[in-house]
Every structure is written in structure tokens, then in C-alpha cells.
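Dear colleague,

Please find below the structure that I am handing over to you, with its sequence. My notes on what was found follow directly after it.

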Amino acid sequence: MTETFQFKLLATDGRARRGEVSMPRGTIRTPAFMPVGTVGTVKAMYLDQVRELGADIILGNTYHLMLRPGAERVARLGGLHNFIRWERPILTDSGGFQVMSLSSLRKLNEQGVTFKSHVDGALYHMSPERSIEIQGLLDSDIQMQLDECVALPAEPDEIERAMEMSLRWAERCKVAFGDQPGKAMFGIVQGGDIPKLRERSALVLRDLDLKGYAVGGLAVGEPQEVMLDMLDVTCPALPTEKPRYLMGVGTPDDILKSVAHGIDMFDCVMPTRSGRHGLAFTRYGRINLRNARHAEDTRPLDEQSSCPATRDYSRAYLHHLIRSNESLGGMLLSWNNLAYYQELMAGIRKAIEEGRYADFMAETQENWKRGDL
Ligand SMILES: CCOC(=O)Nc1nc2cc3nc(NC)[nH]c3cc2c(=O)[nH]1
């Protein structure tokens, strides 16, 4: 814990990095997976459980919280940490991505984003300055610049326009954020699947001397190899002594490979959302508990796991709960999936420390092929 925001590189193995982000509210062991707490809750989980599984930081969504309960209300209630009872670091997104994907009506111009709330249909205007103000009202520890993320495939001039606007918004967000020693504002590299735009975005953001850098505009419909190719261009253009956060990523395989390409932080709804729909992630691959073949399978998901949801409940019971659409089904599979993701991250961190990341990656991917036997 420190009064300021510090990132320390502890070990490297090829382009994989083992590091530590120290902030007043706690230390983040990297590579890190950040569970997504969209409207102030990691769905179907108690935050004590989320912490016990090894999470050092969670994500909050500015877009959702500003609509309900409202940023000023959260501030009146003592900030997001007190509201949700999570005293460690919280990273809030700018809301830009959710607006793009959730709001029915949205107009975007130099001033910012105007959108219609999916909650009550009211019109809102989100400028870069307002986005930082909202994240400040939430008392967020890591705040994201407002950006424009373009879904792929997209026209090059559309990708360039959005990337250049995101750069101008990054500058405005930096001014609005000012100097908050115990907090950080991260820039977001855009540029779609175009190497020279990715490089320009990273280099201009680097010159802004921000505390950390997110790689945005990926995991938006492109094949995995395109995403990894963009990391090959982007990571070398970013400062080595600052954390790199790949937004919205991803599957365990995406994470393994992105760590090998130099990424330090991840967030994804995959473990929680897919858990609620019956998908279990295990060390031997994915298991869809909706499938009838589990109806009388008395085995647990993995008897060697330290997670009760993984070790103590039969697949038959999990199948029954999911088929019956019972809340406990989503709770147990969210618990299992977050436990698996955090176990994977702990394995990744240890393998980098011991200089055996390539072997760890190969073993892990081999085990996934075993299926659920
Ligand atoms: C989490 C911070 O989000 C932002 O402030 N903007 C942003 N969010 C993204 C979220 C994404 N999720 C995915 N795939 C599931 N890709 C994403 C990209 C962005 C982005 O470019 N920009």
C-alpha cells in the first residue's frame, strides 16, 4: 500500500511480465483478472467470496451507475467502496463502451456522447470531463478516459476518425483528472486492426505520460490472431514501466496468449455471465451443464479444487439447478468460474516468476483438450 500509484516489474519471461500495482487501497498482483461488478455487484457473488478467490481489484461500470443509482447519489452515500462494501481498488470504465453497446439512441461528436438511457429513456450527455467527474464522484481508484470503440470489421477512415477523437478526449480527460496522487487515469489505445493507427495512438498517449494504458477496440468481433497481431504492434510502443490493460478479454486461452504478448491486466464478464447460463470453466476445459449427459453424473466438476462449488456439488445437481433456472445454479457456477480464473492467474504469475511460462502455457492448453472425461 502506498500513498501514490506505483507499478513495479518483478520478473519477466519473454514478453510476459510479473508485476505489482501499489495503491492506497491495496496492491494488485499482475497479471491480474478483474471481476466485473457492473452495477456495483459481481453478479451472483458476495464480494467477500470474490476477495477470497484472490481478486485484488474489481471493475465498476460508470454508464450503469450514473443511470442508477446516480453518481451524485453514490457520492452522497459515501462513494462506491462504502456503498458496495469493497475496500480494495476499483477500476471504473468511462461508460463509452456500454453506451455504444447498450443505448438505443446515441449521437457522438467532438463534445462527447449523447445517448438515451436504456433504464428510463431519458437523454444524457457524456463529455470527457463529465466522465471523469462521474468516476471522481464514485471515488474510483483507476479511472478510464472517455473513448470511442469501433466494432470490427470497420472502414479504415472510420477507425482513424474514432482513434484521433479518442486521442483528443484523452488529453481533455487528463486535464479534467488533474493531479490525484492515490488514483490513476489510464489512456485507451485505439486504432482497430490497422497497425500504423495502433502505433500512432500508443505513441501519442505515451507522450501524455499517464499512469497506465489500456488497449481498447479489441475483442469486438475480430479473430483471436488479429487481436494478438494488434498486441504485437501496440505493446512495444507502450512504456515498459507502466501497466497494460486489455479491455474485455477474455477466455482463458485469450488471457494465456495475451500475457505472452505483454499484457498485465484483464477484465471480462465471461466467467460470471457464462456461469449464469450453465457454462463451467475447469482445468480440463469447458463443461456445459445444460447438456442432458450430466443428468446422472455424480462426479463434482473437479474433486481436487479448493473451491466448494467445484469440489462438493455433483454435476447432476448443477445440471438440475441450471435446467430449473434456479438462482443457486448461477451462483455455484459463477463461484466455480471465478475460482478457476483466479487459479489460472495465480498459475500464470508463478510460472513467470519461475521462468517457465512457455511450459505452463503448453501444459494448461494440453489439459483443456482432455475435456471433462
Ligand atoms: C473498461 C473500460 O471501458 C472503457 O472505458 N472503454 C472501453 N471499454 C471497452 C470494453 C470492451 N469489451 C470488449 N470485449 C468484450 N472490448 C472492449 C473494448 C473497449 C474499449 O475500446 N473501450
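This is a predicted model: local features need pLDDT of at least 70, side-chain atom pairs count only at pLDDT 80 or more; totals for chains, interfaces and linings use all residues.

**The ligand and its surroundings**

There are 16 residues around the ligand, and those that come nearest are Ser94, Asp147, Gly217, Leu218 and Met247. Sorted by class, this shell consists of 9 nonpolar, 5 polar and 2 charged residues. The space that the ligand takes up is the largest pocket.

A polar backbone atom of Gly217 lies 2.6 Å from an oxygen atom of the ligand. For Leu218, a backbone N or O atom is 2.7 Å from a nitrogen atom of the ligand. A polar backbone atom of Ala219 is likewise found 2.8 Å from a nitrogen atom of the ligand. On its own, the ligand has 480 Å² of accessible area, and the protein covers 88% of this.

**Salt bridges**

How many salt bridges does a search of the whole structure find? The search gives 25. One of the pairs that form a salt bridge is Glu20 with Lys8, where the closest N and O atoms are 3.9 Å apart. This pair ties together parts that are 12 residues apart in sequence, because Lys8 belongs to strand E1 (residues 6-13) and Glu20 to strand E2 (residues 16-23).

**Backbone geometry**

Most peptide bonds are trans, and most residues other than glycine have a negative phi.

- The peptide bond from Arg68 to Pro69 is cis, with omega near 10°. Pro69 is located in the loop between helix H2 (62-67) and helix H3 (71-76).
- Val249 and Gly250 are also joined by a cis peptide bond, for which omega is about 0°. Gly250 is part of the loop that lies between strand E14 (244-246) and helix H10 (252-260).
- Asp139 is not a glycine, yet its phi is positive, at about 60°. The loop in which Asp139 is found lies between helix H6 (128-137) and strand E11 (142-144).

With kind regards

Conventions. Residues are numbered from 1 along each chain as its sequence is written. Side-chain values use heavy atoms; hydrogens and water are left out. A residue is near a molecule or strand if one of its heavy atoms lies within 4 Å of it. A polar contact is a pair of N or O atoms within 3.5 Å; within protein, one must be able to donate a hydrogen and the other to accept it, and residues adjacent in sequence count only if both atoms are side-chain atoms. Accessible areas come from the Shrake-Rupley method with a 1.4 Å probe; for residues, only the protein chains shown count as cover. On a 1 Å grid over the protein atoms alone, a cavity is a set of points where a 1.4 Å probe fits but cannot get out, and a pocket is an open set with protein on both sides within 12 Å along at least five of seven lines; lining residues have an atom within 4 Å of a point. A molecule sits in a cavity or pocket if more than half of its atoms lie within 2 Å of its grid points. Ala, Val, Leu, Ile, Met, Phe, Trp, Tyr, Cys and Pro count as nonpolar, Asp, Glu, Lys and Arg as charged, and the others, Gly among them, as polar. A salt bridge is a side-chain nitrogen of Lys or Arg within 4 Å of a carboxyl oxygen of Asp or Glu. Helices (H or I, at least four residues) and strands (E, at least two) are DSSP runs, numbered from the N terminus.
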